[in-house]
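Subject: Structure handover

Hi,

Here is the structure I promised to pass on. Please open it first, then read my notes below.

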Amino acid sequence: MKMMKGRFFPILVPVFSVILGLIIGAIIMLVSGYDPIAAYGALVTGVFGDSYNLGETVRTATPLILSGLAVAFAFRTGLFNIGVEGQVLVGWLASVYVGISLDAPMVIHLPLAILAGALAGAIWGVIPGLLKAKFKVHEVITTIMMNYIALYGTNGIIRAYLLQPGERTKDIKSSASLGSAFLGELTEGSRMHYGLIVAIIVAVIMWFILWKTTTGYELRAVGFNQHASQYAGINVSKNIILAMAISGAFAGVAGTMEGLGTFQYMSINNAFTGVGFDGIAVSLLGANGSIGIIVAAFLFGGLKQGALEMSSAAGVPTELVGIIIALIIFFVACSYLVHWLTNRFTKGGKL
Amino acid sequence: MKKRTGVMLSLALAAGTLLTACGKDDKAADDKKFKVAMVTDTGGVDDKSFNQSAWEGLQKFGADNKLKSGSDFKYLQSNSPSDYAPNLNKLVRDKYDIVYGIGFLMENDIKKVADQQPKGKLAIVDTVVDKKNVASIVFKENEGSFLVGLIAGMQTKSNKVGFVGGVESPLIKKFENGFKAGVKMANPKAEIMIQYAGDFNKAEKGLAIANTFYGKGADIIYHAAGGTGKGIFTEAKNRAKNGKKVWVIGVDRDQFEEGQPQGVTLTSMVKRVDIAVQQVSKDTKEGHFPGGKVVEFGLDKDAVSIAPHKENVSKDALAKVDEFKKKIKDGELKVPKDDKEYEEFLKTLKK
């Protein structure tokens, strides 16, 4: 029992949640008159069916890895960064702006565009961090509000300064692009791009900062217990601001995946992209760890990409995948229930 | 122990169903049948606008040709702009004989997919994509605008009418010049106020312009301004509440509902995407796919018209509309679409 809890429980909860989510999803499909076997079959084909789908799955998962890392980083310091969505948007715009307006060889241009995105995201994250550290304004409220400022602010900037026919900006220069003809050819023309490498580098950075540096130790200490940290001589305010800056920077990089990879431009968004909000789910499912988040991002990316095939081949509305994702999160969130179920199954019904 | 085997068993079962589903292929459709599909933008098929109209067209086409919904003809919904490309790609690769992208937002994605799938046949609504395997469906908005211009010219009591455009472009100029020509044709004395909001999504700007126009004595405003037009309806309704009778002419689809409950919608200039989609599908089925061409839909195909709600339009005006409909169809009258043609039109009018 102890061992179950100690070593395997963190993995068991997400795995069981996913299975439960899929099973209940199947029940909902049955009740509403769809064939769950055909639907899940299509889901699998939609992810692994051919190299195009696989490439698009990787493409969908890439920004989710980064937004998941952003949420997780803040969470490790005890902060709930709901503002990833807004940080993604400002990062997207900043990277596209650099991508359009500068002329430089790729070795300089591309990293510069990514850094611009990171910087914009960091600034967007620091504001709620400062408010929290200096005035104790709750970060959930401020980050949500910052999302709206980002959405309408970026739209306004595009309209005023960068507008091209088609409600969008110009395409970025090819020297700032993460896209690759090679990966495209390899995957029958999918929009898979080199962003995955960036995402994995960022995952390693997060692991390194959190677990291998003194700063990371302080950040985690603040996350465990602010008051104890303060008493131990850790500067809590500084760490809160730092955590929000790094979290925002990660989110900004997630935005550059859209700007420099998938789209190569930024369009006027009528609604939030969802990348940031999905990041919360990815981080929760990935138990706030680098590897867990990468796995979770691929799961969500796969579900989202497979959903298109599900609606195409099995006629199941894509909204159903939204329901399944919600169910999975629901079960992760109430891990107590899963805990209880696993105990029942493994310990012969004793609680 | 027993319970544990139970868990293992159900897990194995779940894996089994997933795997069998994986091997199953439902795509054994009858290849001789003509298959047609469309990709919606994020609005979905119940957006009361282009997507819905296009889907109605496909449904009609399907019914006429005894096609099966969901396999022989279908739509794929896009949940976010990043879904456009995979959705289009999926349908082309599923061997649909023609795939529609609904709306100019898909322009870039259609271009990319057209390059990747040179054998696929694609069509885009409301914009022009210059590729051999893409048919561009556009409308003669100037002709429809001419008809509502006639109505405005006949029914204005103050001899002052207004036109509000979104962003000035050759497309919106077609609306403006068609409308002006219609007004002048019916009522040479009428004064026409013109203003561009510079934006398609700023209701508050629409409201301000409408306030000015109505304030200066105009009693009918025609808008080609998308979301900005909402503000015009709001202003008209506010004035109607205070007992002033003013009218708005809607655009793209029947905007009768927007004018409720005060009933300020005089009529609307409707673009019949359904008719266009049916026509292009029919041509393609008969082996005349208009790839690389711009297919214009005007009064001759009844693809632009006034809205079905006609209770606010006077009998005289309706008679006038019918009279000129015939003249335009017969080629007796050419409706101007740009400023130069409008000047020439005015000269012929004075004779």
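Start with a right-handed β-α-β unit in chain B: it is made by β8(B), helix α8 (residues 228-241) and β9(B). Right-handed has a set sense here: with the strands pointing away from the viewer, the path from the first strand over the helix to the second runs clockwise. Helices (H or I, at least four residues) and strands (E, at least two) are DSSP runs, numbered from the N terminus.

Some ground rules. This is a predicted model, in which local features need pLDDT of at least 70, side-chain atom pairs count only at pLDDT 80 or more, and totals for chains, interfaces and linings use all residues. Residues are numbered from 1 along each chain as its sequence is written, while chains are lettered from A and ligands numbered from 1 in the order in which they are written.

Strand β8 of chain B

Is β8(B) buried or exposed? Five of the five residues of this strand (residues 220-224) are buried, so β8(B) is largely enclosed by the rest of the structure. Buried means that 20 or more other C-beta atoms lie within 10 Å of a residue's own; exposed means 12 or fewer, and partly exposed is in between, with C-beta atoms placed from the backbone. Ile220(B), Tyr222(B) and Ala224(B) point one way from the strand. Ile221(B) and His223(B) point the other way.

β8(B) has partners. Strand β6 (residues 160-165) of chain B pairs with β8(B) in the parallel sense, over five bridges. Pairing needs at least two DSSP bridges between two strands. One bridge joins Phe163(B) to Tyr222(B). Strand β9 (residues 247-252) of chain B also pairs with β8(B) in the parallel sense, over three bridges. There, Trp247(B) is the bridge partner of Ile220(B).

Chain B as a whole

Chain B has eleven helices and twelve strands. Of its 351 residues, 50% are buried. Its C-alpha atoms fill a box of roughly 90 × 50 × 35 Å, taken along the principal axes.

The chain is divided into domain 1 (36-139 + 274-299) and domain 2 (141-271 + 314-350). These bounds come from an automatic or database domain assignment. The contact between them takes six residues from domain 1 of chain B and eight residues from domain 2 of chain B. Two residues are in contact if their C-beta atoms, placed from the backbone, lie within 7 Å. The domain centres, taken over C-alpha atoms, are 30 Å apart.

Helix α4 (residues 107-116) of chain B has buried residues, including Ile110(B), Val113(B) and Ala114(B). The buried residues of α4(B) pack against α3 (84-93), β3 (98-101), β4 (122-125) and β5 (134-139) of chain B.

Backbone details to look up

- The peptide bond from Gln260(B) to Pro261(B) is cis, with omega near 0 degrees. Pro261(B) lies in the loop between β9 and β10 (265-271) of chain B.
- Lys66(B) is not a glycine, yet has a positive phi of about 55 degrees. Lys66(B) counts as exposed because it has 8 C-beta neighbours inside 10 Å.
- Lys95(B) is not a glycine either, and has a positive phi of about 65 degrees. Lys95(B) sits in the loop between α3 and β3 of chain B.

Chain A

Helix α5 (residues 106-135) of chain A has 30 residues. From first C-alpha to last, α5(A) reaches 43 Å, close to the 44 Å expected at 1.5 Å a residue. That expected span is 1.5 Å times one less than the number of residues. Just after α5(A), Lys136(A) takes a positive phi of about 60 degrees.

Best wishes
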